[in-house]
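This briefing covers a predicted model.

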Amino acid sequence: MATGRNHRPATRSRGIPEATVARLPLYLRALTALSERSVPTVSSEELAAAAGVNSAKLRKDFSYLGSYGTRGVGYDVEYLVYQISRELGLTQDWPVVIVGIGNLGAALANYGGFASRGFRVAALIDADPAMAGTPVAGIPVQHADELEKIVGDNGVSIGVISTPAGAAQQVCDRLVAAGVTSILNFAPTVLSVPDGVDVRKVDLSIELQILAFHEQRKAGEDVTESSPDPSAPPVRAAAAGRKGPDGDMPAVMPA
């Protein structure tokens with residue numbers, strides 16, 4: 001079986017835009033759901049709606065894959081599943097190491113979606129000596145001292161960092177030095193990596209803050225719509241006059 005170290009996805013050499021690459025997993029998820037329901041074909045409009053994009057953008061994205069569908073019939077679901085999986089490199093075996101086996105790391109280790117999508121958790125690594133040998137998701141945790149050997153022995157090219165922020169950069173540096181060229185970062189910090197190393201950052205707190213922003217906007221719209229007197233002065237934010245530890249607290253805290 002091919003391993004991630006020796007085979008890289010063809011997307012860059014074929015010139016597929018990064019925005020298109022970012023949407024391919026959305027299409028694959030929608031297509032997989034259709035496949036599981038034994039749906040043979042799907043129109044661009046139906047698939048675009050399921051993936052949350054417009055149909056013109058979907059057709060443009062698929063043109064980079066050389067797939068145009070059949071007029072009046074649509075796209076063959078099984079063929080598109082294979083085509084996108086191949087383009088994303090999911091027809092290969094990608095060994096992955098997870099570094100930092102706290103609550104989040106343990107949850108990631110137990111995530112069943114890795115294996116079904118072409119990723120194999122090759123090792124779990126933690127700096128706490130007390131964790132060494134402890135099985136998590138059936139895999140014994142190994143000490144961080146063995147990181148370089150683990151990466152080399154398993155041909156790992158993808159690393160997942162779920163450590164505290166203060167340890168993340170050092171872990172990143174060690175992974176890169178050991179040969180890892182792609183990193184999924186769950187630590188709440190920005191990592192510095194050399195050219196040729198790809199980093200994808202997942203920050204749950206940022207996503208929640210964005211949702212909070214939209215909730216605040218919706219709440220403001222509700223207040224405006226329910227105001228009985230259009231000539232009344234605008235409602236002031238409740239937080240505007242509160243005192244914080246450093247004096248008056250602004251209505252909207254800076255990022």
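Strand S3, residues 94–99, is largely enclosed by the rest of the structure, because six of its six residues are buried. The burial holds for both faces: Trp94, Val96 and Ile98 are buried on one side, and Pro95, Val97 and Val99 are buried on the other.

**Strand S3 and its partners**

- In a regular strand, side chains alternate between the two faces of the sheet.
- S3 runs parallel to strand S4 (residues 119–126), and six bridges join the two.
- Within S4, Ile125 is the residue that stands opposite Val99.
- S3 also runs parallel to strand S7 (residues 158–161), to which four bridges join it.
- Val97 has Gly159 of S7 as its bridge partner.
- Strands of a sheet pair through backbone hydrogen bonds, in either a parallel or an antiparallel arrangement.

**The sheet**

- S3 belongs to an open sheet of seven strands with mixed pairing, ordered S5-S6-S4-S3-S7-S8-S9.
- The edges are strand S5 (135–136) and strand S9 (198–201), each of which pairs on one side only.
- Helix H7 (residues 147–154) packs on the sheet and touches S3, S4 and strand S6 (139–143).
- The direction of H7 makes about 165° with that of S4.
- Helix H8 (residues 165–178) lies across S3, S7 and strand S8 (182–185).
- H8 runs at about 170° to S7.

**Helix H1 against helix H2**

- Helix H1 (residues 18–36) packs with helix H2 (residues 44–51) at an angle of about 110°, and their axes are 9 Å apart.
- H1 and H2 are therefore roughly perpendicular to each other, and H1 passes H2 in a right-handed crossing.
- On the H1 side, the contact is made by Leu26, Tyr27, Ala30, Leu31 and Leu34; on the H2 side, it is made by Leu47, Ala50 and Ala51.
- The contact of H1 with H2 has eight nonpolar residues, no polar residues and no charged residues.

**Helix H1 against helix H4**

- The axes of H1 and helix H4 (residues 77–87) come within 9 Å and cross at roughly 145°.
- The crossing of H1 and H4 is left-handed.
- H1 contributes Leu24, Tyr27, Leu28, Leu31, Thr32, Leu34 and Ser35 to this contact.
- H4 meets them with Val77, Glu78, Leu80, Val81, Ile84, Ser85 and Glu87.
- By class, the contact of H1 with H4 holds nine nonpolar, three polar and two charged residues.
- Among the H1 residues that take part in the contact with H2 are Tyr27, Leu31 and Leu34, and these are also among the H1 residues that meet H4.

**Loop residues**

- Which loop holds Thr163? Thr163 is found between S7 and H8.
- Thr163 counts as buried because its relative accessibility is 9%, and the cut-off for buried is under 20%.
- Leaving out residues up to four places away in sequence, Thr163 touches Val99, Gly100, Ala168, Val171 and Ala187. Val99 is one of the buried residues of S3.
- Gly179 is found in the loop between H8 and S8, and Gly179 is partly exposed, with a relative accessible area of 25%.
- Gly179 and Val197 are 18 residues apart in sequence, and their C-alpha atoms are 9.7 Å apart in space.
- Val39 lies in the loop between H1 and strand S1 (41–42), and Val39 is partly exposed, with a relative accessible area of 24%.
- Val39 touches Leu34 and Val77, not counting residues up to four places away in sequence.
- Val39 and Val77 are 38 residues apart in sequence and 7.1 Å apart in space, C-alpha to C-alpha.
- Leu34 and Val77 also belong to the contact of H1 with H4.

**The chain as a whole**

- The protein chain has nine helices and 11 strands.
- Of its 255 residues, 35% are buried.
- Among contacts between residues at least 6 apart in sequence, 57% join residues at least 24 apart.

How values were computed. Residues numbered from 1 in each chain as written. Predicted model: local features only at pLDDT ≥ 70, side-chain atom pairs only at ≥ 80, totals over all residues. Heavy atoms only, no water. Buried < 20%, exposed > 50% of the residue type's maximum accessible area, 1.4 Å probe, protein only. Pairing = 2+ DSSP bridges. Axes fitted to C-alpha atoms, helices over the stretch in contact; angles between N-to-C directions. Parallel < 35°, antiparallel > 145°, perpendicular 65-115°, else oblique. Left-handed = near helix turned anticlockwise from the far one by under 90°. Contact = heavy atoms within 4.5 Å. Nonpolar A, V, L, I, M, F, W, Y, C, P; charged D, E, K, R; others polar.
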